Amino acid sequence: MAFSELFRLMKPGARAVIVDWAFTEKFDGSNSKHDEIRVRIERGNATPQLMTTEEYVKTVQNAGFEVIEAKDQNATDGHPSTPWYMALQGRDFSISSLARTPAGRVFTAQVTRLLEALKLAPRGISEAARLLNDAADSLVEAGKLEIFTPSFLVHARK
């Protein structure tokens, strides 16, 4: 695995900081809704099966590392903050999130279908746009349920 190779390549005492996607301790794999969200995130974002934060830490430790710190950088601990998934909702009123608004989605769907029909875009681009919207929606849903973080930090030492 990647962590074992990283451990092998590092000098004794060296430190590594890893930030990755993970499911939080609130994720319940036996909950069909949580599992359906997990499948949509992994399929839509072309990721391998994602680990929970607990599994992530154990995997890093099993590679030989001493884990110094492990935390969800997006956890608010009861303090209000801007949610990490806000831009994916199309509600932050920025140019980059315009396509995520309801009107932007309709426009994008129409334009991609038109470009495909005119053979100005490759066949399947409208399906790719639909898949990416579904992926974004699943990330938002997971964020609202607090079962997923895109910023799980592990600070480890060899």
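Author: Buried means under 20% relative accessible area, exposed over 50% and partly exposed in between, with a 1.4 Å probe and protein chains only. This is a predicted model, in which local features need pLDDT of at least 70, side-chain atom pairs count only at pLDDT 80 or more, and totals for chains, interfaces and linings use all residues. Residues are numbered from 1 along each chain as its sequence is written, and side-chain values use heavy atoms, without hydrogens or water.

Reader: Gln89, then. Buried or exposed?

Author: Gln89 is buried, because its relative accessible area is 17%.

Reader: Which helix is Gln89 in?

Author: Gln89 belongs to helix H4, residues 86–89. Helices (H or I, at least four residues) and strands (E, at least two) are DSSP runs, numbered from the N terminus.

Reader: And what is Gln89 in contact with?

Author: Arg100, Val140 and Lys144 are in contact with Gln89, once neighbours within four places in sequence are set aside. Contact is heavy atoms within 4.5 Å.

Reader: Switching to the core. How many residues are in the largest nonpolar one?

Author: The largest nonpolar core has 14 residues. Phe3, Tyr56, Val60, Phe65, Phe152, Val154 and Ala156 have the most contacts inside it. A core here is a set of buried Ala, Val, Leu, Ile, Met, Phe, Trp, Tyr and Cys joined through side-chain atoms within 4.5 Å.

Reader: Which elements give two or more residues to this core?

Author: Strand E1 (15–23), helix H3 (53–62) and strand E3 (148–157) each give two or more residues to this core.

Reader: What does Tyr56 touch?

Author: Not counting residues up to four places away in sequence, Tyr56 touches Phe3, Ile18, Asp20, Trp21, Met51, Phe152 and Val154.

Reader: What lies apart from that core?

Author: Another core, of 9 residues, which include Phe27, Leu50, Ile147 and Phe148.

Reader: Aromatics next. How many pairs?

Author: The structure holds 8 aromatic pairs. Rings of Phe, Tyr and Trp (its six-membered ring) pair if their centres lie within 6.5 Å; planes under 30 degrees apart are stacked, over 60 edge-to-face, the rest tilted. One of the pairs is Trp21 with Phe148, which is edge-to-face at 5.3 Å centre to centre and 90° between the planes.

Reader: What does the pair of Trp21 and Phe148 tie together?

Author: Trp21 lies in strand E1 and Phe148 in strand E3, so their pair ties together parts 127 residues apart in sequence.

Reader: How accessible is each of the two?

Author: Trp21 counts as partly exposed, because its relative accessibility is 24%. Phe148 has 2% and therefore counts as buried.

Reader: Why is the pair of Trp84 and Tyr85 edge-to-face?

Author: The ring centres of Trp84 and Tyr85 are 5.4 Å apart and the planes are at 90°, so the pair is edge-to-face. Trp84 is partly exposed at 25% relative accessibility, whereas Tyr85 is buried with a relative accessible area of 13%.

Reader: Which residues do ring pairs link into a cluster?

Author: Trp21, Phe23, Phe27, Trp84, Tyr85 and Phe148 are linked into a cluster by ring pairs.
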